[in-house]
Structures are given as C-alpha cells and as structure tokens.
Amino acid sequence: MPEPAGWLIVGLPLTSFVVATLIVRPFGNTRAPRLAGYLTIAAVAGSFGISLWALQAVAVAPEHQVSYPRHVWLQAGDLTFSVGLLMNSLTAIMLLVVSFV
C-alpha cells in the first residue's frame, strides 16, 4: 500500500468536514444539508475501503507491520518534530472499527 493511501484514511473524513462546514453549508441552498451528508458518507466509505486495503497490506507484510519514512514537520533550532505512519495488526483493526462505526 503506498504511503499517500495511508494518509487518505485520515484525510478524507477531515477534508469532508472542512468542505461541508466552510463551503457547502454556508453557501448552499435548501439542499445543502443533504449534500453535506452525502459528502461525509462518501468520505467515510472511502476511508473504510482504504482501511480494508491497509488490513490486507498488514496481513501479508513481514512481521505484520508496514512502516513509512518519517517526514520533518517542524524544525526549530536543535528541536525537530517529525511525522510518519506505522501500521501494525492492531492499527489496521482499529482503523476498520473506527471507520465502520
């Protein structure tokens, strides 16, 4: 599973929240609540589908763990904050549970 797909698991629902809150609801017409609902449901369904892909990738990975390189997020002098993805069996199951519920 490529790294961008892992970020989409979190990014799709977050993006749908931002779009529904800042664009659809304020500028929509009378159908805006329904459109916001469809947008959110599609984003969560996409997140669930990618979570299934993540579970399959973890199941066939050596030691049942998939990791990606860290990215520097913020650097201030000697202090460096980095962010990355690490998926193991527990993470994959929790992604399925959270995105399904």
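**A close look at the helix packing**

Author: Let's begin with the overall form: a compact globule of 101 residues would have a radius of gyration near 13 Å, whereas this protein has 17 Å (taken over C-alpha atoms; the globule rule is 2.2 Å times the number of residues to the power 0.38). This is a predicted model, in which local features need pLDDT of at least 70 and side-chain atom pairs count only at pLDDT 80 or more, while totals for chains, interfaces and linings use all residues. Residues are numbered from 1 along each chain as its sequence is written, and side-chain values use heavy atoms, with hydrogens and water left out.

The C-alpha trace spans about 50 × 40 × 20 Å along its principal axes. The protein has three helices and four strands, where helices (H or I, at least four residues) and strands (E, at least two) are DSSP runs numbered from the N terminus. Along the sequence, they come in the pattern α-α-β-β-β-β-α.

Now for the helices. Two packed helices are described by the angle between their axes and the distance between the axes. For H1 and H2, the axes come within 8 Å and cross at roughly 175°; such axes are lines fitted to C-alpha atoms, for helices over the stretch in contact, with angles from 0 to 180 degrees between N-to-C directions. That makes H1 roughly antiparallel to H2 (over 145 degrees; under 35 is roughly parallel, 65 to 115 roughly perpendicular, and the rest oblique). Their contact has 17 nonpolar, five polar and one charged residues. Here Ala, Val, Leu, Ile, Met, Phe, Trp, Tyr, Cys and Pro count as nonpolar, Asp, Glu, Lys and Arg as charged, and the others, Gly among them, as polar.

Two residues let us zoom in on H1. Serine 16 belongs to helix H1 and counts as buried at 4% relative accessibility (buried is under 20% relative accessible area, exposed over 50%, partly exposed in between, with a 1.4 Å probe and protein chains only). Not counting residues up to four places away in sequence, serine 16 touches Leu39, Thr40 and Ala43, where contact means heavy atoms within 4.5 Å. Alanine 20 also sits in H1, which covers residues 3-27, and it counts as buried at 9% relative accessibility. Leaving aside neighbours within four places, alanine 20 is in contact with Arg25, Pro26, Ala36 and Leu39. The C-alpha atoms of alanine 20 and threonine 40 are 7.7 Å apart, although 20 residues separate them along the chain.

On to the next pair. Helix H2 (residues 32-60) and helix H3 (residues 89-100) have axes that come within 9 Å and cross at roughly 160°, so they too are roughly antiparallel to each other. Their crossing is left-handed, meaning that the near helix is turned anticlockwise from the far one by less than a right angle; clockwise would be right-handed. From H2, residues including Val44, Phe48, Leu52 and Val58 take part in this contact, and from H3 the partners include Ala92, Ile93, Leu96 and Phe100. By class, the H2 and H3 contact has 11 nonpolar, four polar and no charged residues.

To step back again, 25% of the 101 residues count as buried. Among contacts between residues at least 6 apart in sequence, 55% join residues at least 24 apart.
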